[in-house]
Amino acid sequence: MVGRGDLTNAEWGRLEPLLPRCGARGGRWSEHRKVINGVLFRVRTGVPWRDLPERFGPWETVYKRHRRWSADGTWDLLLTRVQAAEDAEGRIDWDVSVDSTTARAHQHAAGARNTAPPVVAPQKGPHGGANPVDPVLRTLSVRLAEVVRQASA
């Protein structure tokens with residue numbers, strides 16, 4: 001049974017070759033896909049580990065794998081590899097514009113705009129500013145980034 005928010009077959013196909021092959025402790029690991037879906041479910045919903053649905057397997061397994069991969073850098077490595085794959089295909093625009101300017105408005109300037117802002121077509125890049133992003137890699141990298149942020153917190 002595939003739940004809402006679980007890895008799609010396309011996402012899994014991109015991620016599976018990047019995952020560790022087997023447990024270092026001599027035993028077979030539970031299926032990576034089921035455990036990763038459990039981690040994604042927890043990150044998305046914020047439920048306690050013990051309240052994970054049974055379809056993800058024992059909550060202890062999901063928790064321990066998440067903790068192990070957080071400690072040994074596996075989540076960071078996965079995110080880096082997925083981003084590198086997107087970047088190699090020219091699908092990431094690394095240009096970032098940050099402006100920390102603060103302008104205080106008058107207290108009477110809090111009203112709504114009377115007219116819609118003008119629509120400006122993007123001018124940057126060979127595609128008119130639009131990055132051709134593979135939606136599978138984009139959602140996978142967003143999900144992995146969220147897991148890495150959660151693991152770092």
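**View 1. Helix α3 and what covers its buried residues.** The cover over the buried residues of α3 includes α2 (32-45), α4 (74-88) and α5 (135-152). Covering here rests on contact, meaning heavy atoms within 4.5 Å. Helices are DSSP runs (H or I, at least four residues), numbered from the N terminus. This is a predicted model, in which local features need pLDDT of at least 70 and side-chain atom pairs count only at pLDDT 80 or more, while totals for chains, interfaces and linings use all residues. Residues are numbered from 1 along each chain as its sequence is written, and side-chain values use heavy atoms, with hydrogens and water left out.

View 2. Helix α3 spans residues 59-72, 14 residues in all. From first C-alpha to last it reaches 20 Å, close to the 20 Å expected at 1.5 Å a residue. The expected span is 1.5 Å times one less than the number of residues. Val62, Arg65, His66 and Trp69 are the buried residues of α3. Seen down the axis of α3, they fall within an arc of 100°, so they line one face of the helix. The arc is taken from the directions from the helix axis to the C-beta atoms. Lys64, Arg67 and Ala71 are exposed on the other side. Buried means under 20% relative accessible area, exposed over 50%, and partly exposed in between (1.4 Å probe, protein chains only). Just after α3 comes glycine 73, with a positive phi of about 85°.

**View 3. Helix α5 and its buried face.** α5 has 18 residues. It reaches 26 Å from its first C-alpha to its last, close to the 26 Å expected at 1.5 Å a residue. Its buried residues are Val136, Leu137, Leu140, Ser141, Leu144, Ala145, Val147 and Val148. Down the axis of α5 these fall within an arc of 165°, so they line one face of the helix. Their cover includes α1, α2, α3 and α4.

**View 4. Arginine 33, a buried charge.** Arginine 33 sits in helix α2. It is buried yet has no salt bridge. A salt bridge needs a side-chain nitrogen of Lys or Arg within 4 Å of a carboxyl oxygen of Asp or Glu. The nearest side chain of opposite charge, glutamate 31, is 5.6 Å away. Lys and Arg count as positive and Asp and Glu as negative; His and the chain ends are not counted. A polar contact of 2.9 Å joins the side chains of arginine 33 and asparagine 9. Such a contact is a pair of N or O atoms within 3.5 Å; within protein, one must be able to donate a hydrogen and the other to accept it, and residues adjacent in sequence count only if both atoms are side-chain atoms. Beyond neighbours within four places in sequence, arginine 33 touches Leu7, Thr8, Asn9 and Trp12.

**View 5. Salt bridges.** The whole structure has four salt bridges. One of them joins aspartate 6 and arginine 55, with closest N and O atoms 2.6 Å apart. Aspartate 6 lies in the segment before α1 (9-15), and arginine 55 in the loop between α2 and α3, 49 residues apart. Aspartate 6 is buried at 7% relative accessibility; arginine 55 is partly exposed at 28%. Another pairs glutamate 11 with arginine 143, closest N and O atoms 3.5 Å apart. Glutamate 11 is in α1 and arginine 143 in α5, so the pair ties together parts that are 132 residues apart in sequence. Glutamate 11 is buried, at 4%, whereas arginine 143 is partly exposed, at 22%.

Notes: Helix = DSSP H or I, 4+ residues; strand = E, 2+ residues; numbered from the N terminus.
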